Amino acid sequence: MLTTRPRGTNDILPGEVEKWQYVEQLAREVCREYGYGELRTPIFEHTELFSRGVGETTDIVEKEMYTFTDRGERSITLRPEGTAAAVRAYLDNKLQALPQPVKLYYMGPMFRYDRPQAGRYRQFHQFGVEVFGSHSPSIDAEVIAMAMDIYRRIGLRDLELHINSVGCPKCRPGLRQRLQEHFKPHLAKLCPNCQGRFERNPLRILDCKNESCQELGRHAPTTLDVLCEECETHFNQVKGYLDTVGVPYIVNNRLVRGLDYYTHTAFEIMAQDIGAQSSIGGGGRYNGLMEACGGPATPGIGFALGLERILLTAERQGITFPVSRGPAVFVATVGSELEKQAFALLQSLRQQGIAAEKDYLARSLKAQMKYAGKLGARWVVILGEEELARGVAMVRDMQAGEQQEVGLAELVNYIRNTTNNNQCRGL
Ligand code: HAM
């Protein structure tokens, strides 16, 4: 137990973490270009935020939340997603006072007690954006195009963007009624969960993973059959904007997202190469969520991308990421008496922006050279008594396998002139 991580969680180690940093950095750059500012919210929130925000009849709230009572007898939940918390933060911090729309992004761990499998974890990471305060269909198109832009810059191929309109409070009652008419004769064949959903939220039945429910839902009416004029116009405009910027999409009238807050546009991006958990991102509009959380009516839209699934897709597609190299310089010593001088040189190199390393296990010179090779050091600076007395050191080029004496006063310039900037920094 003590040496095993909890089921559905991962350690991300050096060697792997550079890929994460690369994708995170790229996402941050895209956010800067699109005008999104970073929001950091707590890892835990009051349970009610999610039960009300995400929806009582969703899988997330019904069975996947990590909920506990804290020492002050409050019900607390580890965040299963980022949207409800962003809405809470918008209200809490009175961001209505800012010029609208307010464009935010976040990334970090989310928690869902789901059955772990490839691409599905109990602690996973999302990168997400949320825009508050605009009804404009151009914002819907912008967030969709932005998600696709991120995948494109990472180099992912063969993705499918599915879009749908899930209607609004005006058209939903009509859909609800038609869905109930459709499922009523088959009520006994629905899973126990969906029998409950039949009354509470029949749209959820279309999202059930149970085979029998899926089969019964195959010919059910869809949101697109009942859209009101306003929703239909909005959806057509979103598609028009996507066409304008050449973002290909598939209209999927069966797309029901796993969270209840959506209105109007809903979308999901699927990757072909990663098996059953193919959704590498999804989002949509949620014009009623702010009010449901006790705020003034404020439209919102956003998406979240699953970082584990993005990296899994990249791996399956053979995409390579820049990996960090070893230190630019390894400081080796002949004999242990020069430890202090080696330590001083090491610190001085680092303070001048050169990634440097040394031995910490009292290795022999030969073993130090081998260790430097394993670390991937570009240069080894060898300190010896006799050379130090003359103010020089032997500098070995680990790539060429050659060495030469360099004056200690010129060492930094020598390294800088012969090593590119990134390599100096250990990148
Ligand atoms: P979601 O579809 O629940 O939406 O999650 C978004 C993405 O997170 C999924 O497409 C998937 O890539 C990843 N994901 C979800 N669950 C797991 C898991 N157990 N393991 C690994 N990856 C997972 C939301 O969370 C909404 N908050 C998105 C949104 C933002 N809608 C509007 N704004």
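The shell around the ligand

Modeller: By class, 10 nonpolar, 10 polar and six charged residues form the shell around the ligand. In this classification Ala, Val, Leu, Ile, Met, Phe, Trp, Tyr, Cys and Pro count as nonpolar, Asp, Glu, Lys and Arg as charged, and the others, Gly among them, as polar. The model is predicted, so local features need pLDDT of at least 70 and side-chain atom pairs count only at pLDDT 80 or more, whereas totals for chains, interfaces and linings use all residues. Residues are numbered from 1 along each chain as its sequence is written, and side-chain values use heavy atoms, with hydrogens and water left out.

Of the 26 residues around the ligand, those that come nearest are Glu81, Thr83, Glu130, Tyr262 and Ser279; a residue is near a molecule if one of its heavy atoms lies within 4 Å of it. Two of these residues also make polar contacts, a polar contact being a pair of N or O atoms within 3.5 Å. An N or O atom in the side chain of glutamate 130 is 2.8 Å from a nitrogen atom of the ligand. Serine 279 places a polar side-chain atom 2.8 Å from an oxygen atom of the ligand. The backbone takes part as well: an N or O atom of the phenylalanine 303 backbone lies 3.4 Å from a ligand nitrogen atom. On its own the ligand has 660 Å² of accessible area, and the protein covers 96% of this; such areas come from the Shrake-Rupley method with a 1.4 Å probe.

The strands come next. Strand 6 (123-132), strand 10 (279-285) and strand 11 (300-306) each supply at least two residues of the shell, and strand 10 gives the most, with six residues. Strands are DSSP runs of E with at least two residues, numbered from the N terminus, while helices are runs of H or I with at least four. Two strands pair if DSSP finds at least two bridges between them. Strand 1 runs parallel to strand 5 (residues 102-111), and two bridges join them. Glutamate 38 has tyrosine 105 in strand 5 as its bridge partner. In general, strands of a sheet pair through backbone hydrogen bonds, either parallel or antiparallel.

Terms used. A polar contact is a pair of N or O atoms within 3.5 Å; within protein, one must be able to donate a hydrogen and the other to accept it, and residues adjacent in sequence count only if both atoms are side-chain atoms.
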